[in-house]
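My entries follow in the order in which I made them.

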Amino acid sequence: MTSIEDWIGRSWERFKRRWWVLLAASGVAGAASLLGALVPALAGYYVGGLGRWPVWAVTGAASVVSLLALLWLSTWAQAAALEAASTEADIRTCLSDAWVKTGHFAWTLSLVLLACGGAFFLLFLPGLWLAPLLFWAPFITMSEGVGGVAALETSWRRVSGRWWAVAGRLALVVVVPFAIGFIPLVGWLLSLAAGPFTFVMLAELADELRRLDPGPEAPAPRLALPVAALSVVFLAGSYYVIRGAMLAAASLKDLFRAQVF
């Protein structure tokens, strides 16, 4: 892989060329996400207030529609940001192309989150090891049209043999916005630009890994069954975490009542 200095330099050149498209595409999609969440909720509360139908049914249905709209549109916003950071397309093209790809992007991203989340439940360290290997799958789906488990396997293949280099660069991407935010007086302002810049850094690194892809000579392991197993671990772990939190909250509530009365 090229040096960190070269990677940052290439990322900065791309950012200078694409910053307005990246900010505009993210802003438009983000505003649409906000409206998509608010409009059904407000309409539901208004219709519920008319008294023609049960309030719980109307507001419940509106809440479901609002949540689904938020999930879809916020995923579209992420896809639009990746499209703007990874291509030379204009704002309108980035938004329209991202809209078409949102379904496949959401599926690949969900698989990555389920697999890595399940690995983190296995005493944390497996998640740290797996995350860099699978992290690039959504980028692959957006730029190459490869989705689902195939994208995860492609990401694994490209990172294999250079795990430390990739993990170190991912750590740097995480650290940069936090470090900039601590700069006195102007840190909060500079951090507004640091967020889009990190998208460009990731897009540039994804392109480099694509160029270094060893291809069929170094096939990745079949990941369908491991991803399914880790997804079950994640769902089961999340269930017990939520259940434990609810029981703890109930115990604290009972303790508080006993002390008050």
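How many residues of the lining of the second largest pocket are nonpolar, how many polar and how many charged? I sorted them by class and got 5 nonpolar, 4 polar and no charged. I note here that this is a predicted model.

**Entry: second largest pocket**

I listed the lining as L71, W72, S74, T75, Q78, A106, L109, S110 and L113. The elements that give two or more residues to this lining are α2 and α3. I found that α2 gives the most, with 5 residues. For the space in this second largest pocket I have about 170 Å³.

**Entry: largest pocket**

I then turned to the largest pocket, which holds about 620 Å³ of space. Its lining runs to 24 residues, and I marked A131, F135, F139, L170 and L202 as those that lie nearest the centre. Two or more lining residues come from each of α2 (55-86), α3 (91-121), α4 (125-134), α5 (137-144), α7 (163-181) and α8 (187-211). I looked up which element has the largest share of this lining, and it is α3, with 7 residues.

**Entry: cavity**

The structure holds 1 cavity of 30 Å³ or more, and the volume I have for the largest cavity is about 100 Å³. I wrote down its lining as S86, W136, F139, I140, S143, E144, R158, A203, A206, D207, L209 and R210. Which classes make up the lining of the largest cavity? I sorted it into 6 nonpolar, 2 polar and 4 charged residues. I also noted that F139 is among the residues nearest the centre of the largest pocket and is in the lining of the largest cavity.

**Entry: α5 and α6**

I stayed with α5 and looked at how it packs on helix α6 (residues 148-159): the angle is about 110° and the axes are 8 Å apart. Angles of 65 to 115 degrees count as roughly perpendicular, and α5 and α6 are therefore roughly perpendicular to each other. I recorded their crossing as right-handed. On the α5 side the contact is made by A137, I140, T141 and E144, and on the α6 side by A151, L152, T154, S155 and R158. Sorted by class, this contact has 4 nonpolar, 3 polar and 2 charged residues. I checked I140, E144 and R158 against my cavity entry, and they are in the lining of the largest cavity.

**Entry: α1 and α7**

I have an angle of about 50° between them, with the axes 12 Å apart. That makes α1 oblique to α7. How is the crossing of α1 past α7 handed, left or right? I recorded it as right-handed. Which residues meet in this contact of α1 and α7? From α1 I have I4, W7 and I8, and from α7 R169, L172 and V173. By class the contact of α1 with α7 has 5 nonpolar residues, no polar and 1 charged.

Definitions and conventions:
Residues numbered from 1 in each chain as written. Predicted model: local features only at pLDDT ≥ 70, side-chain atom pairs only at ≥ 80, totals over all residues. Heavy atoms only, no water. 1 Å grid on protein atoms, 1.4 Å probe; cavity = no way out; pocket = protein on both sides within 12 Å on 5 of 7 lines; lining within 4 Å. Points joined across faces, edges and corners; volume = space filled by probe spheres on them. Helix = DSSP H or I, 4+ residues; strand = E, 2+ residues; numbered from the N terminus. Nonpolar A, V, L, I, M, F, W, Y, C, P; charged D, E, K, R; others polar. Axes fitted to C-alpha atoms, helices over the stretch in contact; angles between N-to-C directions. Parallel < 35°, antiparallel > 145°, perpendicular 65-115°, else oblique. Left-handed = near helix turned anticlockwise from the far one by under 90°. Contact = heavy atoms within 4.5 Å.
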